[in-house]
Amino acid sequence: MAHKAEILAPCGSFEALEAALRSGCDAVYLGGEKFSARQNAANFTDEQLKEAVRLCHLRGVKVYQAINTVVFDEQLEECKKAVKFAAEIGVDGLITQDLALVKICRECCPDLEYHASTQMTIHSESGVKMAKNLVFSRAVLSRELPEHTIKDLTALGIETEVFVHGALCMCVSGMCYLSSMIGTRSGNRGLCAQPCRLNFRLNGKEYALSLKDMSAIEQIPALEDAGVTSLKIEGRMKRPEYVAAAVSACCAARRGETPELSALRAV
């Protein structure tokens, strides 16, 4: 039987979650009201998180919670409570980047899966081996990698997750300080203002840094052949219509059909 990669949908709101489930995703990722790298999304209250896990598990869909900001010392206890709550309600895995937090949380929730966030900028053999040594079950690879590198890193014996649609994060995943420097809104604290989308001027000419979103939906069969575990759609700030269109396109590509991308371009 051919390898089948999961289709992982972004859910920045409960409406987006419902759209993802109805469109046929295999897993979703979402954030609580704190410690999420998308603080400006609607996000989920504790009660909504609990209900989201219930609905997803009824349909055989996994739930990954993003607790993926850099955590200050004075926030560790509060963050630890959030991790314990995630474990109690049955979240299938945590997406995180703060190694101090991971160490602390392994002590209280040793059975919970931990995924190395794209904010850790894992794009090399040494990065993947580091994630394995730290007992992460999955590495979310940087968005700027070519197919042959993804294949080589996947062969190192760890689950890999790759972005197949959405914002490119052209400043190199996890290493951008542009938003923080220009507007004191740190991407590593969940408040990226996406200044790379603006026009910059030099010698009277305008330059756009981030021109378009990325899309590797048509390359999904090749990524499955490479052994990738999870096909991730970016967009926890996007509307439910976008989530539905992206999941539907990914499902079609995985079936070997030609994905309908016109609807996705329109939302």
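Is His165 buried or exposed? His165 is buried, at a relative accessible area of 10%; buried means under 20%, exposed over 50% and partly exposed in between, with a 1.4 Å probe and protein chains only.

A word before the views: this is a predicted model, where local features need pLDDT of at least 70, side-chain atom pairs count only at pLDDT 80 or more, and totals for chains, interfaces and linings use all residues. Residues are numbered from 1 along each chain as its sequence is written, and side-chain values use heavy atoms, with hydrogens and water left out.

**View 1. His165 and its surroundings.** You'll find His165 in strand β7, residues 159-166 (strands are DSSP runs of E, at least two residues, and helices are runs of H or I, at least four, numbered from the N terminus). Its side chain meets that of Ser215 in a polar contact of 3.0 Å (a pair of N or O atoms within 3.5 Å; within protein, one must be able to donate a hydrogen and the other to accept it, and residues adjacent in sequence count only if both atoms are side-chain atoms). Leaving aside neighbours within four places in sequence, His165 also has contacts (heavy atoms within 4.5 Å) with residues including Met214, Ile217, Lys232 and Tyr242.

**View 2. The β8 and β9 hairpin.** Here β8 (residues 199-202) runs antiparallel to β9 (residues 205-208), joined by 4 bridges; strands pair if DSSP finds at least two bridges between them. Leu202 has Lys205 as its bridge partner in β9. The turn has 2 residues between the strands, and Asn203 there has a positive phi of about 55 degrees.

**View 3. Leu134 in its loop.** Look for Leu134 between α5 (125-133) and β6 (138-140). Leu134 counts as partly exposed, at 32% relative accessibility.
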